Amino acid sequence: MKNPVFMTFDQFKAIIFKGKKVEITPETQRKVEESFLFLKQFAKNKIIYGVNTGFGPMAQYRINQEEQLQLQYNLIRSHASGMGDYFDTEVVKAVILSRLNTLSLGKSGVHFSTIELMKELINRDIIPLIFKHGGVGASGDLVQLAHLALVLIGEGEVFYQGKRSSAAEIFKKEGLKPLQIHLREGLSLMNGTSVMTGLGAINIFYAEKLLDWSIKFSCAINEIVQTYDDHFSYELNQAKQHQGQHIIASLMRNYLSDSKLTKKRADHLYNGERNEDIFKEKVQEYYSLRCVPQILGAVYETISSAKEIVENELNSASDNPIIDVETKQVYHGGNFHGDYISLEMDKLKLAITRLCMLSERQLNYLLNPKINELLPAFVNAGKLGFNFGMQGVQFTATSTTAENQTLSNSMYVHSIPNNNDNQDIVSMGTNAATLTHKIIENTFEVLAIQAVTIAQAIDITKNYEKLSSTTRQWFDKLRQIIPFFAEDMVMYPYLEKVKNFLMKNKI
């Protein structure tokens, strides 16, 4: 995969999830080298932040020429101070790719060897140890990106071939030379939004999967209880002007196009005389079934908005200062500030929590016979009172949904000044993206429980031949992971396998 002028989301996914190799084009190399040579010459007789000054509130101190390169090493080592859990492989690769792409724009004045070495880390699956705790999302993801920079200079730790090792050991094994600081590579590597952006892109990827599964599961429930089809009809949904709602309703119609279980209202409630005082058939379904286009439509539009913002940030120079070769100037400002990503991640985690809440309510609908008036309690296919069906796993779904509701509180409005008040307002974008990542993983757990419950309900009702081909396709694949059960069994190994199936597959 060549490093393009503008990296699309699909190109990003091809590298991170499909193993496409990163290649650097000659044009990119030319831009990077031109930027480096310009800055090197320009900075000789001028005060340039991060080249011949200290950092942050220490920028008022001039750094003598003989100390300028050591300054960059000092910055990297002092800020490699993350704690807590560490990011997994795909997130770290996304972080490296995000930083590589922004430095490739030729706006940062880095030496070309920086780009080359990051490329090799991705292509050879050398994964730096980067901790989740440390970033405030302004002046860049300083702490986390310091751990990337630490590996690039041949220090720190990496994960390689399933083992945690020293970077120096793996570089020697792979024949890689550590990065030599030439001008300002330490600051350029650290001073940007690449952790929150890379993680944000990962979040978008999985959010789209969650949305697709939620639509499919909603359709399956409509089939199980044989709802009327007008709540996802073209006419009803076109009466509102929201594109997301239109798209979700259209997808539902598509997925259910060959179902023989959903009903036409005109065939049941509009024909003949209906003189009953109490109708045996439900006139309308509960909101968790009837309002899917409205609920998931808003989720769809939130994901779409976040995707556009993340893609723009991925292709932005999030450094300070910005080197502009065309105007022969160096501009100081705040492109490292992560407000755009922070706000979108806050919105995204709200939307995914909402999706999770919908899943939990639909799950409760299937488990409660007083509501669905069709299935045994807890879709228990065994002996009622003696067996438990899905009773136990509902607690997990409820608990996990509650955790999401708490985690979905905003990070964007929780700025805490630090850095001797130099950073007097920060974005907290890295924390927002990290919490969103956790909410997404939690939601896959809830949907895994929902999927098993739907499968049990399908087996109990036995309307296999009347199911839509979409529902039948994922149901058959799911039954290869967990068989129909009437007797109680230990559920957690199956739930983990179903969760992995939902995360890794798309029907």
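This report describes selected helices, strands and loops of the structure above.

The model is predicted: local features need pLDDT of at least 70, side-chain atom pairs count only at pLDDT 80 or more, and totals for chains, interfaces and linings use all residues. Residues are numbered from 1 along each chain as its sequence is written, and side-chain values use heavy atoms, with hydrogens and water left out.

**Helices**

Helices (H or I, at least four residues) and strands (E, at least two) are DSSP runs, numbered from the N terminus. Helix α11 covers residues 243-255. The expected span of a helix is 1.5 Å times one less than its number of residues. For the 13 residues of α11 that gives 18 Å, which agrees with its end C-alpha atoms being 18 Å apart.

Buried means under 20% relative accessible area, exposed over 50%, and partly exposed in between (1.4 Å probe, protein chains only). The buried residues of α11 are Gly244, Gln245, His246, Ile248, Ala249, Met252 and Tyr255. They pack against α9 (194-224), α10 (234-238), α14 (292-314) and α19 (469-478).

Helix α9 also packs with α20 (residues 492-504), at an angle of about 110 degrees and with the axes 9 Å apart. Axes are lines fitted to C-alpha atoms, for helices over the stretch in contact, and angles run from 0 to 180 degrees between N-to-C directions. Angles under 35 degrees count as roughly parallel, over 145 as roughly antiparallel, 65 to 115 as roughly perpendicular and the rest as oblique. The pair α9 and α20 is therefore roughly perpendicular.

Contact means heavy atoms within 4.5 Å. From α9, Tyr206, Lys209, Trp213 and Phe217 meet Phe501, Leu502, Met503 and Lys504 of α20. By class, this contact of α9 with α20 holds six nonpolar, no polar and two charged residues. Ala, Val, Leu, Ile, Met, Phe, Trp, Tyr, Cys and Pro count as nonpolar; Asp, Glu, Lys and Arg count as charged; the others, Gly among them, count as polar.

**Strands**

An open sheet of three strands runs in the order β2-β4-β5, with antiparallel pairing. Its edge strands, β2 (127-128) and β5, each pair on one side only. Two strands pair if DSSP finds at least two bridges between them. Strand β4 (residues 157-160) is joined to β5 (residues 163-166) by four bridges. Tyr160 has Lys163 of β5 as its bridge partner. Phe159 is bridged to Arg164 in β5. Two residues lie between the strands of this hairpin, and Gln161 takes a positive phi near 55 degrees there.

**Loops**

Asp141 sits in the loop between β3 (131-133) and α6 (142-152). With 0% relative accessibility, Asp141 is buried. Its C-alpha atom is 6.5 Å from that of Met190, 49 residues apart along the chain. Leaving aside neighbours within four places in sequence, Asp141 contacts Met190, Gly192, Thr193, Ser194, Val195, Met196 and Thr430.

Most residues other than glycine have a negative phi, and most peptide bonds are trans. The peptide bond from Asn320 to Pro321 is cis, with omega near -5 degrees. Pro321 lies in the loop between α14 and β6 (322-324).
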